Amino acid sequence: MKKNLLIVGDSLGLPRDNMPYSYTWTYLLSDYLQNFHTVLKLQRALNSDIINSGVKEDWLEFYKPDDVILQVGIVDCSPRFLKNGGLLMKLVNSSPFFLKNFIWKLIKKYKTRSVVNVDVTIDRFESNIEKYINRCISIGVSRIFLIKIAKSGSAMVKKSPEILSQINFYNQIFDKLAGKYQNCILINELTNANDDYFIEDGYHLSEFGNYNLFEAIKKYYK
């Protein structure tokens with residue numbers, strides 16, 4: 001009987017216009033693990049709030065996984081122009097299309113991305129990840145792989161100068177929790193990534209980045 005592997009992650013594991021599905025690390029791993037039934041629960045703009053809210057069992061319990069691989073964090077920690085869900089963001093988004101475009105041009109010209117506007121504060125991020133780990137433990141998950149947030153490429157850093165410090169702070173949460181829970185395994189492959197790991201946006205993984213992440217996880221399944 002095959003074991004179940006659940007992969008939960010954001011857009012870094014998904015295909016894009018210039019990144020075919022067959023090159024993603026999620027495809028490569030699921031194709032390699034013939035003795036596992038792999039469930040892909042991937043969502044663009046996924047953050048750690050989402051995996052613990054709503055029908056939260058959709059992100060874990062319904063699949064009764066033996067192993068879990070979790071890739072979240074960049075959406076949580078990234079500095080933003082406006083606070084998602086804030087009044088100003090709601091006003092901008094409710095504006096007519098032509099006006100919304102004009103407002104965003106002004107915002108991007110005169111404002112900078114700020115850590116004040118992150119989607120998930122670092123304290124809430126820690127709480128969310130620990131809550132998810134404990135949910136895994138409670139249903140008997142054998143191993144929880146925590147993929148640390150990728151060090152962004154130069155294109156991303158140019159747009160958001162504070163992103164690297166944010167990534168470092170949030171990755172320390174993964175270090176802390178992996179030290180606390182024995183069944184957590186850190187995947188560090190992306191923490192020293194360079195521009196070769198990314199497509200032109202400096203954020204989403206290139207073929208090279210996907211392959212190297214796949215190889216970093218694969219070694220635990222030999």
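User: Before looking at any pair of residues, what does it take for two strands to pair?

Analyst: Two strands pair if DSSP finds at least two bridges between them. In this predicted model, E1 and E3 pair in the parallel sense, with 5 bridges between them, and within that pairing Leu5 stands opposite Asp67 in E3.

User: Which strand does E3 run parallel to over 4 bridges?

Analyst: That partner is strand E4, which covers residues 143–147 and runs parallel to E3; here Ile69 stands opposite Phe145 in E4.

User: How should I read the side chains along E3, and are its residues buried or exposed?

Analyst: The general idea is that in a regular strand the side chains alternate between the two faces of the sheet. In E3, Asp67, Ile69 and Gln71 point one way, while Val68 and Leu70 point the other way, and all of them are buried. Because 5 of the 5 residues of this strand, residues 67–71, are buried, E3 is largely enclosed by the rest of the structure.

User: Where is Asp10 found, and what is the nearest side chain of opposite charge?

Analyst: Asp10 is found in the loop that lies between strand E1 (3–9) and helix H1 (25–32). To judge a salt bridge, one asks whether a side-chain nitrogen of Lys or Arg is within 4 Å of a carboxyl oxygen of Asp or Glu. Asp10 is buried yet has no salt bridge, and Arg44, the nearest side chain of opposite charge, is 8.8 Å away. Leaving aside neighbours within four places in sequence, the residues in contact with Asp10 are Leu42, Gln43, Leu46, Gln71, Val72, Gly73, Ile74 and Val75.

User: At roughly what angle do the axes of H5 and H7 cross, and is the crossing left-handed or right-handed?

Analyst: The axes of helix H5 (residues 122–138) and helix H7 (residues 163–180) come within 10 Å and cross at roughly 35°, and H5 passes H7 in a right-handed crossing. The contact is made by residues including Ile122, Phe125 and Ile129 of H5, together with residues of H7 including Phe169, Tyr170 and Ile173.

Technical notes
Residues are numbered from 1 along each chain as its sequence is written. This is a predicted model: local features need pLDDT of at least 70, side-chain atom pairs count only at pLDDT 80 or more; totals for chains, interfaces and linings use all residues. Side-chain values use heavy atoms; hydrogens and water are left out. Helices (H or I, at least four residues) and strands (E, at least two) are DSSP runs, numbered from the N terminus. Buried means under 20% relative accessible area, exposed over 50%, partly exposed in between (1.4 Å probe, protein chains only). Lys and Arg count as positive and Asp and Glu as negative; His and the chain ends are not counted. Contact means heavy atoms within 4.5 Å. Axes are lines fitted to C-alpha atoms, for helices over the stretch in contact, and angles run from 0 to 180 degrees between N-to-C directions. A crossing is left-handed if the near helix is turned anticlockwise from the far one by less than a right angle, and right-handed if clockwise.
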